[in-house]
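Here are my notes on the side-chain contacts, for you to read with the model open. I've kept to charged pairs and aromatic rings.

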Amino acid sequence: MYFQKKRCIAMLLAGGQGSRLKVLTEKTAKPAVPFGGKYRIIDFPLSNCVNSGIDTVGILTQYQPLELNEYIGNGQPWGLNKTHSCAQVLPPYERHDKKSGWYKGTANAIYQNIDFIDRYNPEYVVILSGDHIYKMDYADMVAFHEKNNASCTIAVRNVPLSEASRFGILNTNPDNSIYEFEEKPKQPKSTNASMGIYVFNWNVLREALIADEDDAASSNDFGKNIIPSLLNAGHKMMAYTFDGYWKDVGTIDSLWEANTELLGKEPEFNIRGDERRKIYARNSAYPSSYIDEEAKIANSFVAEGCEVYGTVRHSVISVGCTIGKGALVEDSVVMPGVVIESGAIVRHAILGENSHISRNCVVGSAFGPKDKRKISVTAKGAVLAENATLVPGDMV
């Protein structure tokens, strides 16, 4: 089979368990978790690729892959199903040399798919994560990488010094060249935090991956192993500063925050009205939503296929939801297919897909400052019986 040579391809790491999202990822891979009413988290890096002119994407799956694999399909919603483009799902597999099995780390996941990358013989490979919400033109980052004649370029953003110890920190010269990398340092020397987005020269990365796999002491991780080894070997490495919106939605709090940051006339993250950077998704053909004459909706998203008879304030209501008469939904994220019956009260919560909140239930609380309240969460398909209470911070 003939594979057209590519200047640049992307490898999207989408196999993480997402354990910090707790009940929301018990049956769903983190990149497949619903977001923003009609999207999945993985829609954002996939759409960024398409909008950046990258038409070949390898998607590395592992944990709970079924739903994610079905969602990606042949890549049609993102325009990645044409003759010389693809969205290729790449699960772990058995190799003849026995260097296979579950992906042991981010670097090992790419190592196990060297053959896939070699098909396209690219000059550059962009490494991405499947659990971040942002819009970014990777073509600008690749151009920066090429202009600086770098072996590796890492996207960075400035973070508060108080948060810097949570990230890989890049210490740079005035020209943005990297002279030191520290993985989650206790006393960070700068606030340049790695976003986990990398551009590599493929010939350099290929050699580094093979050497890393042969090192029995390695954790097979980009941040812990590949980046430091290239730096120590004297390769030119650059920091590419990104100052747009970016959110790692790996926790309950950050997922809730990112959803609510879509709301408002001037939201922190605007996914509306930007034709050049549209976010594409695989969507079912839902009918238009029905809003009853007694319904009250303020500062909220209501996606297609919903029926709203109650009150919705400062919330994201996903596709196919029903909110009964006299029900109140406030400061909440309601995922697809949720039913909230009459008289139920839902405040400061995330309701998982297809969960059912019966009549007169109370979920969450309105007491205390919004940034201090604990978020109540229901799992995919959870059912709360009539008159039940789910206290703030509880999960079911």
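Before the points: this is a predicted model, where local features need pLDDT of at least 70, side-chain atom pairs count only at pLDDT 80 or more, and totals for chains, interfaces and linings use all residues. Residues are numbered from 1 along each chain as its sequence is written, and side-chain values use heavy atoms, with hydrogens and water left out.

1. How many salt bridges does the structure hold? There are 16, a salt bridge being a side-chain nitrogen of Lys or Arg within 4 Å of a carboxyl oxygen of Asp or Glu.

2. Have a look at E67 and K380, a salt bridge whose closest N and O atoms are 3.0 Å apart. E67 lies in helix α2 (residues 65-72) and K380 in the loop between β28 (376-378) and β29 (383-384), so this pair ties together parts 313 residues apart in sequence. Helices (H or I, at least four residues) and strands (E, at least two) are DSSP runs, numbered from the N terminus.

3. E67 is buried at 18% relative accessible area, while K380 is partly exposed at 26%. Buried means under 20%, exposed over 50%, partly exposed in between (1.4 Å probe, protein chains only).

4. A network of salt bridges links R40, E67, E353 and K380. R40 also has its charged end over the ring of Y71, 5.7 Å from the ring centre (cut-offs: NZ of Lys or CZ of Arg within 6 Å of the centre and within 35 degrees of the ring normal).

5. On the aromatic side, ring pairs join F35, Y39, F44, Y245 and F269 into a cluster. Rings of Phe, Tyr and Trp (its six-membered ring) pair if their centres lie within 6.5 Å; planes under 30 degrees apart count as stacked, over 60 as edge-to-face and the rest as tilted.
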